[in-house]
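User: I would like to learn how to read aromatic pairs, nonpolar cores and strand pairing in a model. Could you take me through them in turn?

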Amino acid sequence: MAGNILNLEKSDPFKAASTASASGGGAGDGNFVHVRIQQRNGRKTLTTVQGISQDYDLKKIAKVCKKEFACNGTVVDHPEYGEVIQLQGDQRNNICEFLVKVGLVSKANLKLHGF
């Protein structure tokens, strides 16, 4: 009796995450907000926030985050993910706490990526 072993099938977890949040996530529609860190050169890092609902003004959110975290940042139009907030440095924990505190995203809808 040969059984099917389903857990050995090849699947890309990032593909599923990117297709789910490409439509623009938010607090109410069940999609996720992804917070990622990217390595630049040397010890420099970049924190990106993707999936915040289009109902909110991302430039105003970035402006408040820049003041709150004492870092620089901008809003970039990504061809695949739409508008993405970029902040200098490792701001993953700060931005997660901020988004939950302000009420833009619930804790269950946050996905934290990185090393």
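User: How many aromatic pairs does a search of the whole structure find?

Analyst: A pair of aromatic rings is described by the distance of the centres and the angle of the planes. In this predicted model, a search of the whole structure finds one such pair. It is formed by F69 and F98, whose rings are edge-to-face, with 6.1 Å from centre to centre and 85° between the planes. Because F69 belongs to helix α2 (residues 58–69) and F98 to helix α3 (residues 92–102), the pair ties together parts that are 29 residues apart in sequence.

User: Are F69 and F98 buried or exposed?

Analyst: Both F69 and F98 are buried.

User: Which residues of the largest nonpolar core touch the most other members?

Analyst: In soluble globular proteins, nonpolar side chains tend to be buried together. Here the largest nonpolar core has 20 residues, of which V49, I52, I61, I85, I95 and L99 touch the most other members. At least two residues of this core come from each of β1 (33–39), α2, β4 (82–88) and α3, and α2 gives the most, with five residues.

User: Why is β1 described as largely enclosed by the rest of the structure?

Analyst: Five of the seven residues of β1 are buried, so this strand is largely enclosed by the rest of the structure.

User: Which strand pairs with β1 in the antiparallel sense, and which runs parallel to it?

Analyst: β1 pairs with strand β2 (residues 45–50) in the antiparallel sense over six bridges, with T47 in β2 as the bridge partner of I37. Strand β5 (residues 110–112) runs parallel to β1 and is joined to it by three bridges, and V35 stands opposite L112 in β5.

How values were computed. Residues numbered from 1 in each chain as written. Predicted model: local features only at pLDDT ≥ 70, side-chain atom pairs only at ≥ 80, totals over all residues. Heavy atoms only, no water. Phe/Tyr/Trp six-rings, centres within 6.5 Å; stacked < 30°, edge-to-face > 60°. Helix = DSSP H or I, 4+ residues; strand = E, 2+ residues; numbered from the N terminus. Buried < 20%, exposed > 50% of the residue type's maximum accessible area, 1.4 Å probe, protein only. Core = buried A, V, L, I, M, F, W, Y, C linked by side-chain atoms within 4.5 Å. Pairing = 2+ DSSP bridges.
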